[in-house]
Amino acid sequence: MIHRYTMKGIRFILDVNSGAVHVVDEAAYAVSGLLTSDMKPECPPRIYQSLSEYPRETVASAYAELYGLYLSGQLFSKDDYLEIGKYIPSGAPIKALCLHVSHDCNLRCAYCFASTGDFGTGRSIMPFEVAKQAVDFVVRRSGARKNIEIDFFGGEPLMAFDTVVKTVSYARSIEADSGKHFRFTITTNGLLLDDDKIAYINENMDNVVLSLDGRREINDNMRKTVSGEGSYDIIVPKFQKLVKQRDPKLDYYARGTFTAKNLDFADDVMSIASEGFDRLSVEPVTSDEDADYHLCPADLPAIFAEYERLTDLLLEKRRQGDKLSFFHFMIDLEQGPCVIKRLRGCGAGYEYVAVTPEGDIYPCHQFVGKEAFRQGSVRDDTLDEGIAHQFAAMNIYTRKKCRSCWAKFYCSGGCSAANFNQNGDLNAPYALGCEMEKKRLECAIYLKAAETES
């Protein structure tokens, strides 16, 4: 299987199974569109006939170049992962927790998937005792794995800052005896940030996600305080202070959401960058169809054009020496993620779980509140192995529409929660999300090629 596309004058051929990406000239691109997966040493007469506008020697040379790639396993390569995909990891170690330390929020974002912070389950704060039980749970369930990720999430986790501090302290206190190393992340809307919290976060959090939608008017239209006021002028100075004081070696990114109301979202990416943030992401909203900001298939042409415009803007910035990092355009063409991650994705439900303030366990934050997906509780150390097995058994081969998709080894079958929320089926890919993901991948590959040429 190969995927061919052109973008801004550059012609690409992707070999799906090997991951090889080839930039080719016009003739080779034309020839590649006529190839079959059983290439022979000599160029078939039908190709010469179909490409009579090219000199015969040009077609022959292009075919020979492509045949060389075929012989080296970089064109029409075999799928070596099919058998691996049949393996279902049973009892896989849990390596990451999403701790919902707060099911409450001081913003009332219009598009919030978490029902403005409480996930439809009532507003609450996680007691430290539950957080401690969650840490003990992941230590027991992580097997021989040394590194453990803990994400402090909400709602707004700074509303439970005392729980956050105590949890980090407890986890650090047991690292030596347990043979584990904890890596912490926190996601915040910024309203409660102050000098002390900024200092604490920069000292203890390996990664920070700062929620900001872009331009002031765009952000404030969606991300309002409880009193109905905009949040931009409150949070941006605090975010700037946090990033300015943060060790450059530590991760962070400013993360926004775009909707049907700002299909010119490249301007929002650039607006965030202009405020001093160089690691950023603005991601498409997922919502009910009756929402006035809902993205639909009719929006795709505008979204595709905007991703291309964003590519141009990022390329211009990088050529000027400004190395902005856009999350959805980050792609490793030389190695990429491990095979298992390429086949199965994030590991939700069996390697990664979310824990509510009450201690209930769910496959990830987007399943919280859906009782059918409740997996157990850290309070009594229970875990529904049936649900874990259900999630572990899913991969790009169990998702029928993914099997023939050129992007399958990049997106790993997409987000199970998005699939379920949009289609009611974990294995039925969210079609709109798929189309946007494929476009982002094409832009990311183009960006790498254009940077190399410049």
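Reader: Which residues touch the most other members of the largest nonpolar core?
Author: Leu99, Phe152, Phe182 and Met205 do, out of 105 residues in that core. A nonpolar core here is a set of buried Ala, Val, Leu, Ile, Met, Phe, Trp, Tyr and Cys residues joined through side-chain atoms within 4.5 Å. Helix H17 (residues 431-453) gives the largest share, 10 residues. Bear in mind that this is a predicted model, where local features need pLDDT of at least 70, side-chain atom pairs count only at pLDDT 80 or more, and totals for chains, interfaces and linings use all residues. Residues are numbered from 1 along each chain as its sequence is written, and side-chain values use heavy atoms, with hydrogens and water left out.

Reader: What is Leu99 in contact with, leaving aside neighbours within four places in sequence?
Author: Its partners include Met126, Ala131, Ala134, Phe152 and Val355. Contact means heavy atoms within 4.5 Å. Ala131 and Ala134 are among the buried residues of helix H5, where buried means under 20% relative accessible area, exposed over 50% and partly exposed in between (1.4 Å probe, protein chains only).

Reader: Switching to H3, which of its residues are buried?
Author: Val59, Ala62, Tyr63, Leu66, Tyr67 and Leu69. Seen down the axis of H3, they fall within an arc of 155°, so they line one face of the helix. The arc is taken from the directions from the helix axis to the C-beta atoms. Helices (H or I, at least four residues) and strands (E, at least two) are DSSP runs, numbered from the N terminus.

Reader: And what do those buried residues pack against?
Author: Strands S2 (10-15) and S3 (21-24), plus helices H1 (26-32) and H2 (45-50). The face turned away from the buried side carries the exposed residues Glu57 and Leu71.

Reader: Now rings. How many aromatic pairs are there?
Author: The structure holds 19. Rings of Phe, Tyr and Trp (its six-membered ring) pair if their centres lie within 6.5 Å; planes under 30 degrees apart count as stacked, over 60 as edge-to-face and the rest as tilted. Tyr67 and Tyr70 form a stacked pair, 5.8 Å centre to centre with 25° between the planes.

Reader: Are those two tyrosines buried or exposed?
Author: Tyr67 counts as buried at 15% relative accessibility, while Tyr70 is partly exposed at 23%.

Reader: Which residues form an aromatic cluster?
Author: Phe258, Phe265, Tyr307, Phe326 and Phe329 form one. Both Tyr307 and Phe329 are buried.
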